[in-house]
Every structure is written in C-alpha cells, then in structure tokens.
Amino acid sequence: MKLLVTGGAGFIGSNFVNLSVSDYPEYEITVLDALTYAGDRSSLAKVESKIRFIKGDICDRDLVDRLVSENDIVVHFAAESHNDNSLLDPSPFINTNIVGTFNILEATRKHSKRLHHISTDEVYGDLELDDPGKFNANTPYNPSSPYSASKASSDMLVRAWVRSFGLHATISNCSNNYGPYQHIEKFIPRQITNIISGYKPKLYGKGENVRDWIHVEDHNRAVHMIIKAGKPGETYLIGADGEKNNLEVIQTILVLMGKNADDFEHVTDRPGHDLRYAIDSSKLRTELGWKPIYTDFKSGLKQTIKWYQDNQDWWSAHKTATEAKYKKQGQ
Ligand code: NAD
Ligand code: TDX
C-alpha cells in the first residue's frame, strides 16, 4: 500500500512515519510537508532513506493532485495546530486547515483514493469539570477557537464528501498528545524545556483546565488500526482515559525533574480557554480492538522528559524565539 502522509515532519506525523517504517515495512511512504515553523525534517532522520520526502504545500492544488494520484491512501495530518497562534493570526489556519483539506478532498475524489483525516477532540467544545459525560461520535460540534473552528470545518467538509460523493474516508478525533518531537510551544514540552533552560514553568490562569492526555504512539497505533479495519464514512474518537488538570501536570513535571512542586509561575490565561476535554473511546476499543499501551502517565512523562534532555539540539535553537513570543502576550 502506498501512503501519502501530509504533515509528516510535524509532531504526530513524524512519530507516525517512524512507527510505520518499523511496524509496516511493506508500506511505501511519501511525506508531503511544507516545513513551516512546526515542521522539522530531522524528526525523520532515522527513516530518511526509507521514505520519499516532498517539501510542498497542501494549498498547492496541482502538487496535491499529482501526489494523490500516485498513492492509495492519504493520511492527512498537515495543519496549523496551536490554539494560541490562532488567536494571534487566524489566517494560516483558514488556508491550511480548510482550503488545504478541500484540495485533498477534491484530489481523492477525482482519483477515487482513500482518505484518513486526522482531527481533534476540540471540535466538540468543552465540558464542565463535574459533567459525568464524555465526548462521543454523536456529540454536537461546538468549537471555541479559530484553530478548533478550522478543524471542525475540515471535518464537516470530509463528512459532506463522504455523503455527497461517496468518498472512501474515515475521520479520527483524538485528545491531547504528548511524547517526543512535539514543538516546544505546546504545554508539556514548553515546561520541560523551561526547566532545562533555567526558566520557571508557566501555568495559564489557575490551572484547573483538564486535558485528556494520550501518548503519541498510542494515537498512531489507533490510526493504523483505522486504516486497516475502519469502516468507510465512520468517525472514531481516540483517547486513553488520561484526564489531568494542568496544575497536576506541571507539578508532576517539576517533581520528576527534581524541583519543588510549587516552583512555577501563574501567567495570563488564554482567551476563551476550553475548560475540559474528555473522550469516550469505547467504539474504537470494541469495534477495532484498540487499547493504549502507555497507561501510566508518569512513566510516559518520564520517557518524554528524558527525550528532551537527550535531544537538546532538536529544540534549543527555537527556545528564545518561542519564549519571546509568549512574553509579548503576558504568557
Ligand atoms: P504540528 O504543528 O506539530 O505539525 C504540523 C505539520 O504540518 C508540520 O510539519 C508543518 O510543517 C505541516 N504543515 C503545516 N501547514 C502545512 C501546509 N500548508 N502544507 C503542508 N504541510 C503543512 O501538529 P501536530 O501536533 O503533529 O498535529 C498533527 C495533526 O493532528 C493536526 O491535524 C492536528 O489538528 C491533529 N491533532 C493534534 C493533537 C495534539 O495534541 N497535538 C491532538 C489531536 C489532533
Ligand atoms: O505554557 C502553557 N501553559 C498552560 O497552562 C501552555 C502552552 C499551555 N497551557 C495550558 C493550555 C491548555 O489548557 O495547557 C493546556 C494544553 O495546552 P496546549 O499544549 O496548547 O494544547 P491545547 O490547546 O489543549 O491543544 C492541543 O490538543 C488538541 C493541541 O495543541 C491541538 O493541536 C490538539 O488539537
């Protein structure tokens, strides 16, 4: 099978490509990635000789059309992915996440190819802290930020292409990922690299917001199962029952790195900050037999901390600029 992986130089996409090369050596992989600030070709260094890498933009219709025609399935990770950036400038989110996905839909329709669209739990909005319910495939869409609204739009386009044109597409909506190769603008790697760099970790508001953490490898194993056995037109929610509030996460990182649990700073909260995400992944578990391997958050976090300690060359050149951008927002 020939896979076209968009966004394969980003966090989840590069982990997907690395995992695919080791677990599915029979797959032929082409990566299409624009190498924005969030993409890093060195994340694919270990598998460079086993894949084809194309630097290009999913907004380039002709390029997308040609690459889709040469492959069997598109696994579509490429996106602008950071909520805080979408509050500063929504425009690239509209282009990449909506127009880019539209290009992929048109090309997969024209060439009768499969699509697996990677999305997020943020399309469902947020839950109260004491809500006994969790997000499932029937939860109405209610996105809060320009990022999540652009991802919700892209999901809606995929659903429309399935219904109106019979496109063979699947969608997965996953919760917050952590693990190696995540950009240091994101919560967990920002705090780990803050501590390594001698800065205090930064907590938005009171830290009561809850995220449902999953290790990136568990997410990508689920994506492989959906590619192999998912039903056309279906949506699968991916989550590992990993709910934690941000205060708890920051304090766990501090303690695992040998610091005092209270050695962090409260900074300006994110406008429109979603309170809580929680995923009901029972459909994925019962229909496809998926279950997470990383069930102990602390040990997954320990492994992630070690990765950032051992791979400072991968992130250190971006640290000053990333923190300067946050500082301007009081964060
Ligand atoms: P990321 O920002 O780390 O990587 C995005 C990648 O896409 C980068 O390599 C970037 O260069 C590439 N890209 C951006 N615009 C492009 C364009 N126009 N054309 C081609 N390539 C382009 O993001 P991530 O965290 O790896 O997220 C990947 C996908 O997973 C996204 O669709 C995101 O919405 C979704 N998702 C992420 C999470 C999470 O916790 N990070 C959770 C659920 C879903
Ligand atoms: O320095 C920080 N301090 C802090 O308290 C940062 C960067 C974040 N936070 C908070 C905000 C969130 O409540 O931590 C939580 C996680 O923040 P992010 O890492 O920015 O993730 P989030 O906004 O939850 O979105 C992530 O999960 C869903 C990904 O970035 C999205 O791409 C994915 O769709």
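Where is the place of Asp241? I found Asp241 in the loop between β11 and β12 (243-245). For the names, helices (H or I, at least four residues) and strands (E, at least two) are DSSP runs, numbered from the N terminus.

Ground rules, before I go on. This is a predicted model, where local features need pLDDT of at least 70 and side-chain atom pairs count only at pLDDT 80 or more, while totals for chains, interfaces and linings use all residues. Residues are numbered from 1 along each chain as its sequence is written, chains are lettered from A and ligands numbered from 1 in the order in which they are written, and side-chain values use heavy atoms, with hydrogens and water left out.

**Two positive phi values**

I looked up phi for Asp241 and got about 55 degrees, a positive value although Asp241 is not a glycine. I noted this because most residues other than glycine have a negative phi. Asp241 counts as partly exposed because its relative accessible area is 47% (buried is under 20%, exposed over 50%, partly exposed in between, with a 1.4 Å probe and protein chains only).

Ser112 has a positive phi too, near 50 degrees, and is not a glycine either. I located Ser112 in the loop between α4 (91-110) and β5 (114-120). Ser112 has a relative accessible area of 66%, so I put it down as exposed. I also checked Ser112 against Ile54: they are 58 residues apart along the chain, and their C-alpha atoms are separated by 22 Å.

**Asn220**

Is Asn220 buried or exposed? Asn220 is buried, because its relative accessibility is 0%. I see Asn220 in helix α7 (residues 216-229). Leaving aside residues up to four places away in sequence, Asn220 touches Ile12, Asn15, Phe16, Leu19 and Phe77 (contact means heavy atoms within 4.5 Å).

**Nonpolar cores**

I looked for cores next (sets of buried Ala, Val, Leu, Ile, Met, Phe, Trp, Tyr and Cys residues joined through side-chain atoms within 4.5 Å). The largest has 33 residues, and Val17, Ile29 and Ile238 touch the most other members. Among the elements giving two or more residues to this core are β1 (2-6), α1 (11-23) and α7. A second, separate core has 23 residues, including Phe187 and Leu301.

**Ligand 2**

How many residues surround ligand 2? I get 22, and the closest are Thr120, Glu122, Tyr147, Arg270 and His273 (near means a heavy atom within 4 Å). A polar side-chain atom of Glu122 lies 2.7 Å from an oxygen atom of ligand 2. I found a side-chain N or O atom of Arg190 2.7 Å from an oxygen atom of the ligand, and a polar backbone atom of Tyr204 2.9 Å from an oxygen atom of ligand 2. Elements giving two or more residues to the shell are α6 (187-197) and β8 (202-204).

Technical notes:
A polar contact is a pair of N or O atoms within 3.5 Å; within protein, one must be able to donate a hydrogen and the other to accept it, and residues adjacent in sequence count only if both atoms are side-chain atoms.
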